[in-house]
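Student: Please walk me through this model one feature at a time. I would like the general idea behind each feature, and then the case at hand.

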Amino acid sequence: MRIAVMSDVHANLPALQAVLEHASSAGFEQLWATGDLVGYGADPNEVLALLRQHDVVAVAGNHDLAACGLMGVEEFNRAAADAATWTAGELSEEHRAFLRELPLVRIAGDVTLAHGSIRQPEWEYLLSAEQALSQFELQTTLYSAVGHSHLPFVFEERRNAVPLLREARNGTRVELGDGRLIINPGSVGQPRDGDRRASYVLYDQEAATLTWHRVEYDIAAAQTAILAAGLAPWLAARLEAGR
Ligand code: ZN
């Protein structure tokens with residue numbers, strides 16, 4: 001089985017389409033997503049329709065919870081709060097119901113999915129070795145996948161040493177063995193590591209590999225849609241910079 005593992009699609013339809021096209025040519029059969037399917041971007045209904053067409057196995061992120069009314073926007077910055085309110089007004093009843101049903105943590109195969117972390121799915125930015133240790137304590141599967149920071153990486157658990165962090169770039173490949181891992185596939189819809197291309201991971205269970213891919217997409221189209229929707233221009237500008 002080949003699985004496309006993605007996160008933080010953020011209602012960016014051109015980015016999602018490009019990633020799915022790339023994953024299709026790699027023969028993916030399943031789609032897993034670690035939250036923030038919507039928020040920031042201008043195509044929440046179209047993105048959810050496309051994800052659901054592929055029977056996405058997903059967890060909710062903070063932006064999904066805000067968009068479907070399960071979380072207030074008090075802790076969001078201004079642009080994020082405005083985008084969440086706009087998204088809530090746009091969502092079809094059916095897609096709102098889909099978001100409301102998403103769990104915060106779920107297990108897919110040998111991977112635990114959570115948006116921020118297992119211990120705090122809505123808000124934790126899992127980035128340090130100390131946080132990785134806490135995640136491994138709660139992790140009952142061999143692997144876990146998180147998003148939220150929009151930064152692609154892999155943490156390897158080590159005996160008698162703190163977990164080892166590796167940043168993942170385009171083409172980074174991890175050969176899977178018995179060692180436990182925490183991965184972040186990076187963000188499809190709003191990369192923040194300085195590489196503006198959409199990021200995702202292809203998990204090939206037969207080959208026992210994880211491969212990070214970066215995919216060019218029509219950034220101008222995503223920007224035009226954001227501006228036409230009246231969302232903060234800064235949300236369009238940052239796509240260009242990948243920050
Ligand atoms: Zn996000």
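**Reading a buried histidine and its surroundings**

Tutor: Let's start with His148, which is buried at a relative accessible area of 3%. Buried means under 20% relative accessible area, exposed over 50%, and partly exposed in between (1.4 Å probe, protein chains only). The model is predicted, so local features need pLDDT of at least 70 and side-chain atom pairs count only at pLDDT 80 or more, while totals for chains, interfaces and linings use all residues. Residues are numbered from 1 along each chain as its sequence is written, and side-chain values use heavy atoms, with hydrogens and water left out.

Student: Where is His148 found?

Tutor: His148 sits in the loop between β6 and β7. Helices (H or I, at least four residues) and strands (E, at least two) are DSSP runs, numbered from the N terminus. The backbone of His148 has a positive phi of about 75°, although the residue is not a glycine.

Student: Which residues coordinate the zinc ion?

Tutor: The general idea is to look for donors, meaning N, O and S atoms within 2.8 Å of the metal (3.2 Å for Na, K and Ca); water is not among the atoms, so sites may look incomplete. Here Asp8 (OD), His10 (NE2), Asp36 (OD) and His150 (NE2) coordinate the zinc ion at 2.1 to 2.4 Å. In sequence, these donor residues follow the spacing D-x1-H-x25-D-x113-H. Asp36 lies in the loop between β2 (30–33) and α2 (44–53), and His150 in the loop between β6 (143–145) and β7 (153–158), so this pair ties together parts that are 114 residues apart in sequence.

Student: What are the angles at the site of the zinc ion?

Tutor: The four donor atoms make angles of 82 to 175°, and the site is irregular. Four donors count as tetrahedral if all angles lie between 85 and 135 degrees; four count as square planar and six as octahedral if opposite donors are over 155 degrees apart and all others between 65 and 115; anything else is irregular.

Student: Are Asp36 and His150 buried or exposed?

Tutor: Asp36 counts as buried, at 2% relative accessibility. His150 is buried too, with a relative accessible area of 2%.

Student: What is Asn62 in contact with?

Tutor: Contact means heavy atoms within 4.5 Å. Neighbours within four places in sequence aside, Asn62 is in contact with Asp36, Met71, Phe76, His115, Glu122, Trp123 and His148. Asn62 belongs to helix α3 (residues 62–67) and is buried, with a relative accessible area of 3%.

Student: How many cavities does a search of the whole structure find?

Tutor: On a 1 Å grid over the protein atoms alone, a cavity is a set of points where a 1.4 Å probe fits but cannot get out, and a pocket is an open set with protein on both sides within 12 Å along at least five of seven lines; lining residues have an atom within 4 Å of a point. The search finds two cavities of 30 Å³ or more. The largest cavity holds about 80 Å³ of space, and its lining has 16 residues, with His10, Asn12, Gly41, Ala42 and Ile226 nearest the centre. Helix α7 supplies the largest share of that lining, three residues.

Student: Which residues line the second largest cavity?

Tutor: Val5, Trp32, Val111, Tyr143, Ser144, Ala145, Ile183, Tyr203 and Leu210 line it, around about 70 Å³ of space. Strand β6 gives the most, three residues.

Student: And what about the largest pocket?

Tutor: The largest pocket has about 210 Å³ of space, and its lining residues include Leu127, Phe153, Glu167, Arg169 and Arg214.

Student: Where do exposed residues come in?

Tutor: Asp178 counts as exposed at 74% relative accessibility, in the loop between β9 (173–175) and β10 (181–184). Its C-alpha is 26 Å from that of Ser149, with the two residues 29 apart in sequence. Glu75 is also exposed, with a relative accessible area of 61%, and lies in the loop between α3 and α4 (78–90).

Methods. Grid points are joined across faces, edges and corners, and a volume is the space filled by probe spheres set on the points.
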